[in-house]
Amino acid sequence: MTRDGLWTMEIGPMVLVFLFSLLSTIFGVLSLAAAEEYTIDESEIEKKPYHIGGYAELRPTLFGLDRDASLYKLRFYNRDEGATLEEYNAALQLEGSLEKGIARLFVRTNSDYRNSYLGSHFNTTIYEGFLSIKPSSSLTIDIGKKTLKWGKGYAWNPAAFVDRPKDPEDPEQNLEGFIVASADYIKSFQGALKTVSFTPVLVPAYGDVNDDFGETGHMNFAAKLYLLLYDTDIDFIFLTGGSRTSRYGMDISRNITTNFEIHGEFAYINNFKKSFIDSNGNNFETRYDAKSGLIGMRYLTERDTTYILEYYRNGTGFSAGEMRDYFSFINIAYDTYVPTGSDASLKKAANITAGNYGRPNAMRDYLYLRISQKEPFDILYFTPSLTGILNMSDKSFSLSPEFMYAGITNLELRLKASFIFGDRLSDYGEKQNDSRVEFRARYYF
Amino acid sequence: MTKAFIAMVALLFAIPSFAVDGTALLRQVDRNLNPESYESYRKLINVEPDGRKKEYTLFTIKKGVDKVASVFLAPASEKGRSTLRLGDNMWFYIPNVGKPIRITSLQSVVGGVFNNADILQLDYAAEYNVEKVEESGNEYLLYLKAKTKTVAYDRLKLWADRTKKLPTKIECLTEANMLIKTIYFKDVKDFGGGIARPSVIETDSPLYKGYKSVIVFAKLKSKNFKDEVFTLTFMPNIESLR
């Protein structure tokens, strides 16, 4: 027997015992750790009567300006900002709730800080703040400032009569609500009709209350009747009262297969007033019954690619000719300003832009396509996507690639760029920016 | 006498041997997993190959064979988000976005190996027919076929403990028998009220090599709810049922 063999014989068992003990200890610790890993602490699920949360975000943005565009001239006619603009945005959104018995108080505020070529700007708005009373699971009554978010469209909601319009470039941003009194009454059934719910809403517009909803001095009434019928969501909606002309709508949504959903919306707006301008600066007003609609679908492939496709017919929108007139008027006003220094016509153009030509997608026919790929190349929580919005009337469009990463708990990182394409006097061709790059870091707490 | 004896023996052999009623067995497995109507807390853990984890805590309610709803309690980025399933209909509510949107069973609201059908799991007997049952050792092996095309996985192979009649492993397969994921049921725990079931469910998938997803159950108890809470309109209020 060699010395090595002796060592093996004499020391081996001790080593083996030691190794076994060590491994047992390690595995014991590991299994303990595993057991600890897969448990739920009582503190994690304990219900508290209050909740405070929200998010903070930083959002620097770089704009590439189109110095020949009408909307560039309208905004920057009396200043030279160069070829690019930087903007630094920060936001703090806070929400809190307090619950006692059948009552719950909820408040959400939004504070925005912006540092741009116009200087620093800080603004805080109460997005929502309402008292909710729930006497039973069938009935909820809400009083206060609230967003209702009606409609089924992803990028547009023509039938959302009591909501502020979404930004189709960022449709998942939350919005400021209106002061309302509303109720939800729900009834469930067996059979083809599974659910009926009725939501009446009072929208007062007096003095400073909801003064941006429409004409003040009116108590408006809206309602939504929801049905889940033959596995299809159907809503019937109306609004009347005087601040806005009366309007009626409906929406529908249904899953066709496990990976294919279709939806649609329709809105009929009575006696809609349209204000427009010709290339000479003459103002016109016309009234007509406007019909708007949207059809869309959401499709998921086997490779986890999601397609959202929507066609939007904006019955309240401008025709390509009306839009060309508006852009031509700005160009003429600018050409007048350059030699004379008189900006009266440009100011007139600015007045008719706000809330009219300046609203998102102000023309008539749009196509929206968003393609997003969940976790490509096995990168968990990473979602790249590409969004395109096409103005079907003048063939101008925007393309926005986006990269989203949410792999760190409560932290969401998004890099988004937008590029626009279009001829002169077209919807996208006359935007003030040719491109935009934005980074957003949002931390939830 | 001899003829009578032979006839009796022949008759004895003619009686079919005892066969397991697959449908009844699957229903029993369902009931042993959950009461028909219940509330529970779940933690979903996505484990990455490097050991990094992402966790979600949910409060879940279920009623009957086709109604289930969940609300996220944590992390903060997901808090208040809720999901609802009524049969084949599924919706997802994000407080910031507002209105509930229809989702499909193959999508995933949390990422990772879980899809929506896993998170909003109905009774297996509600979605699958039993094609065949095999018995081996202390286990049953049930071959399940989806009742409709709208079910997330076309076929399941479900191994169940013969004594406890609880699942131990499920393989989720496509129509072409391609393995999508394997679900392992572990750590049987007594939740009280006569409910003793696996408290940990682990999932891996050949489509996500090296990744693992885990569901941990807590405070599972039988509870009845009104039908009205399983509606689109009630989705923002699911947390009030805790």
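**Exercise 1. Determine whether A:Asp304 is buried, exposed or partly exposed, and describe its backbone.**

Solution. A:Asp304 has 18 C-beta neighbours inside 10 Å. A residue is buried at 20 or more such neighbours and exposed at 12 or fewer. A:Asp304 therefore counts as partly exposed. The structure is a predicted model, and the values used in these exercises are computed from it. Next, locate the residue: A:Asp304 is in the loop between strand E12 (283–300) and strand E13 (305–313) of chain A. Finally, consider the backbone. Most residues other than glycine have a negative phi. A:Asp304 is not a glycine, yet its phi is positive, at about 65°.

**Exercise 2. Describe the peptide bond from B:Ala74 to B:Pro75 and locate B:Pro75.**

Solution. Most peptide bonds are trans. The bond from B:Ala74 to B:Pro75, however, is cis, with omega near 0°. B:Pro75 lies in the loop that runs between strand E3 (67–74) and strand E4 (82–86) of chain B.

**Exercise 3. Describe how helix H4 and helix H5 of chain A pack.**

Solution. Two packed helices are described by the angle between their axes and the distance between the axes. Helix H4 (residues 320–340) and helix H5 (residues 344–357) of chain A pack at an angle of about 150°, and their axes are 9 Å apart. Angles over 145 degrees count as roughly antiparallel, so H4(A) is roughly antiparallel to H5(A). The crossing of H4(A) past H5(A) is left-handed. H4(A) contributes residues including A:Tyr326, A:Phe329 and A:Ile330 to the contact, and H5(A) contributes A:Ser345, A:Leu346, A:Ala349 and A:Tyr357. By class, the residues of this contact are 9 nonpolar, 2 polar and no charged.

**Exercise 4. Characterise the contact between chain A and chain B from the side of chain A.**

Solution. First, count the residues: 43 come from chain A and 47 from chain B. Second, identify the elements of chain A that give two or more residues to its side: helix H2 (42–45), strand E6 (178–188), strand E7 (193–205) and strand E10 (247–257). Of these, E6(A) gives the most, with 4 residues. Third, sort the side of chain A by class: it has 11 nonpolar, 18 polar and 14 charged residues.

**Exercise 5. State how many helices and strands chain B has, and describe the largest nonpolar core.**

Solution. Chain B has 4 helices and 13 strands. Its C-alpha trace spans about 85 × 45 × 35 Å along the principal axes. Chain B has 242 residues, of which 43% count as buried. The largest nonpolar core has 60 residues, and B:Leu58, B:Leu84 and B:Met235 are among those with the most contacts inside it. Leaving aside neighbours within four places in sequence, B:Met235 is in contact with B:Ser82, B:Leu84, B:Trp91, B:Tyr93 and B:Pro100. Another core, of 20 residues, lies apart from the largest one and includes A:Leu148, A:Val180, A:Ala205 and A:Ala267.

Terms used. Residues are numbered from 1 along each chain as its sequence is written. Chains are lettered from A and ligands numbered from 1 in the order in which they are written. This is a predicted model: local features need pLDDT of at least 70, side-chain atom pairs count only at pLDDT 80 or more; totals for chains, interfaces and linings use all residues. Two residues are in contact if their C-beta atoms, placed from the backbone, lie within 7 Å. Ala, Val, Leu, Ile, Met, Phe, Trp, Tyr, Cys and Pro count as nonpolar, Asp, Glu, Lys and Arg as charged, and the others, Gly among them, as polar. A nonpolar core is a set of buried Ala, Val, Leu, Ile, Met, Phe, Trp, Tyr and Cys residues joined through C-beta atoms within 7 Å. Axes are lines fitted to C-alpha atoms, for helices over the stretch in contact, and angles run from 0 to 180 degrees between N-to-C directions. Angles under 35 degrees count as roughly parallel, over 145 as roughly antiparallel, 65 to 115 as roughly perpendicular and the rest as oblique. A crossing is left-handed if the near helix is turned anticlockwise from the far one by less than a right angle, and right-handed if clockwise.
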